[in-house]
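Hi everyone, thanks for making time. Let me put the structure up on the screen, and then I'll talk you through a few parts of it.

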Amino acid sequence: MKVIALVGSPRKKGNTDLLIDKILEGAKKAGSSTKKIYLYGQTILPCADCRKCFKELKCQENDDMQKIYQEIDDSDVVIFGTPIYWYSMTAKMKLLVDRLRPYTVNNKLRGKRAVLVIPSDEGPKACKDLIKLFANIFNNLEMQLVDSLCVKAHERGEVENQPESLEKAYKIGESIGK
Ligand SMILES: Cc1cc2nc3c(=O)[nH]c(=O)nc-3n(C[C@H](O)[C@H](O)[C@H](O)COP(=O)(O)O)c2cc1C
């Protein structure tokens, strides 16, 4: 299996990042190859609704999304990690999600598995609406949402003091990595 993780938090070693690391550790243990991409280090232009992807089946914008598309295409599982920002995803994750539009016509995401990693100050209760939002997106793309991890955390790296969250993350990794 190939697992790709998209880190949609600007904080390296933040909660999203650390939870994703644990998932990838479990996935590796289960035999998968893994890759992590920090979206905040990438140039991702907004979707311009040019609709060229409808004809060409791929995005014509020349930015870092081209290599991210390749990584996504080559993967079996895609982890979307974003802290809750104002009851939604971060701006950078939204830029990426908007750029998934070519997949509505090339169907290359069909059957791939998705995992959500969502830390927030308020915790799992506040996470429900964002899970629903992503579930609609995955449904449209014919991806299968196999697991989601919602964790209450505020400070950078706070999840390191939550063995149960790290354990959950590791187990998700083991299960998707098989
Ligand atoms: C701009 C901004 C908006 C936020 N909005 C919310 C929110 O609506 N609900 C919430 O529970 N936490 C909110 N948070 C808190 C983050 O979700 C929380 O600190 C999270 O642990 C950060 O994850 P990270 O360490 O991966 O960056 C917000 C944080 C920022 C910076």
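This is a predicted model: local features need pLDDT of at least 70, side-chain atom pairs count only at pLDDT 80 or more; totals for chains, interfaces and linings use all residues.

Okay, let's begin with strand β3, residues 77-81. How many of its five residues are buried? Five of the five, so to speak a mostly covered strand. In general, side chains in a regular strand alternate between the two faces of the sheet. Here, Val77, Ile79 and Gly81 point one way, while Val78 and Phe80 point the other.

And what does β3 pair with? On one hand there's β1, residues 2-7, running parallel to β3 and joined to it by five bridges. Look for leucine 6, which sits opposite phenylalanine 80. Then there's β4, again parallel, again with five bridges to β3. In that pairing, isoleucine 79 has valine 115 of β4 as its bridge partner.

Now over to helix α6, residues 124-141. With 18 residues at 1.5 Å each, α6 should span 26 Å, and its end C-alpha atoms are 25 Å apart, so the two agree. Its buried residues are Cys127, Leu130, Phe134, Phe138 and Leu141.

Last stop, the ligand. It's surrounded by 18 residues, and the closest are Gly14, Thr16, Pro83, Ser120 and Glu122. Helix α1 and strand β4 each supply at least two residues of that shell. By type, the shell has eight nonpolar, six polar and four charged residues.

Note on methods
Residues are numbered from 1 along each chain as its sequence is written. A residue is near a molecule or strand if its C-beta atom, placed from the backbone, lies within 6 Å of it. Helices (H or I, at least four residues) and strands (E, at least two) are DSSP runs, numbered from the N terminus. Ala, Val, Leu, Ile, Met, Phe, Trp, Tyr, Cys and Pro count as nonpolar, Asp, Glu, Lys and Arg as charged, and the others, Gly among them, as polar. A residue is buried if 20 or more other C-beta atoms lie within 10 Å of its own, exposed if 12 or fewer, and partly exposed in between; C-beta atoms are placed from the backbone. Two strands pair if DSSP finds at least two bridges between them. The expected span of a helix is 1.5 Å times one less than its number of residues.
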